Amino acid sequence: MKYSTAVSSSRRKSRKAHFGAHSEARRKIMSANLSKELQARHSVRSMPIRKDDEVMITRGLYKTREGKVTAVYRKKWVVHVERISREKANGATVPVGIPASALCITKLKMDKDRKATLERKARKEKKEEVTMSNVD
């Protein structure tokens with residue numbers, strides 16, 4: 001059942017929009033959940049990931065490893081984390097790309113824009129909570 005007539009439910013169009021997204025749209029798509037402590041403190045569930053955030057890998061071969069984000073590679077949809085690398089056949093070490101959905105942010109790099117985003121999202125969460133309590 002289609003809920004909104006303004007949005008297509010076509011798999012083909014959804015994939016085209018996702019993989020053809022511009023850099024700023026990819027920033028939002030490449031969001032990661034906050035840790036339970038951060039969720040409780042800021043009352044926000046997830047944030048777009050950025051360089052210098054500290055993260056824990058929650059899925060895959062490097063599960064439970066922690067480190068600082070060294071690069072967010074939007075073109076390839078991956079995040080490079082400090083000390084998560086592998087050796088190539090010729091002996092060179094290369095960073096391993098981790099999908100943003102496989103990460104959990106444990107420490108945020110704060111600046112005024114990030115703080116404003118957290119406050120805005122927290123207000124939105126509170127508003128949704130109030131509307132859900134009126135459903136009964």
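Colleague: Hi! I'm new to this one. How exposed is E24?
Modeller: Hello! This is a predicted model, and in it E24 comes out as partly exposed, because its relative accessibility is 48%.

Colleague: Which residue does the side chain of E24 meet in a salt bridge?
Modeller: That would be R27, with an N to O distance of 3.6 Å.

Colleague: And where do R27 and E24 lie?
Modeller: Both belong to helix α2, which covers residues 23-29. They sit 3 residues apart, or about one turn of the helix.

Colleague: What about R27, how accessible is that one?
Modeller: R27 has 32% relative accessibility, so it counts as partly exposed.

Colleague: Why would such side chains pair up at all?
Modeller: In general, side chains with opposite charges can pair when their charged atoms come close.

Colleague: How many salt bridges turn up in the whole structure?
Modeller: A search finds 5. Among them is one between the side chains of E82 and R83, at 3.1 Å from N to O. Another joins the side chains of K112 and D113, with 3.9 Å between N and O.

Colleague: Is K112 buried or exposed?
Modeller: K112 is exposed, because its relative accessible area is 67%.

Colleague: Back to E82 and R83, then. How accessible are they?
Modeller: E82 has a relative accessible area of 32%, so it is partly exposed. R83 has 58%, so it counts as exposed.

Colleague: Where is R83 placed?
Modeller: R83 is in strand β5. Its backbone deserves a look too: phi is near 65°, a positive value in a residue other than glycine.

Colleague: Are the two partners buried or exposed?
Modeller: W77 is buried, because its relative accessible area is 17% and the cut-off for buried is under 20%. F19 has a value of 45%, so it is partly exposed.

Colleague: How many of the 9 residues in α1 count as buried?
Modeller: The count is 0, and the helix is hardly covered.

Colleague: What goes on at the start of α1?
Modeller: There, a side-chain oxygen of S10 comes within 3.3 Å of the backbone nitrogen of R12.

Colleague: Is S35 buried or exposed?
Modeller: S35 counts as buried, because its relative accessibility is 7%.

Colleague: Which residues is S35 in contact with, leaving aside its neighbours within four places in sequence?
Modeller: With those set aside, S35 is in contact with C104, I105 and T106.

Colleague: Great, I'll go and find these in the viewer. Thanks!
Modeller: You're welcome, enjoy!

Technical notes
Residues are numbered from 1 along each chain as its sequence is written. This is a predicted model: local features need pLDDT of at least 70, side-chain atom pairs count only at pLDDT 80 or more; totals for chains, interfaces and linings use all residues. Side-chain values use heavy atoms; hydrogens and water are left out. Buried means under 20% relative accessible area, exposed over 50%, partly exposed in between (1.4 Å probe, protein chains only). Contact means heavy atoms within 4.5 Å. Helices (H or I, at least four residues) and strands (E, at least two) are DSSP runs, numbered from the N terminus. A polar contact is a pair of N or O atoms within 3.5 Å; within protein, one must be able to donate a hydrogen and the other to accept it, and residues adjacent in sequence count only if both atoms are side-chain atoms. A salt bridge is a side-chain nitrogen of Lys or Arg within 4 Å of a carboxyl oxygen of Asp or Glu.
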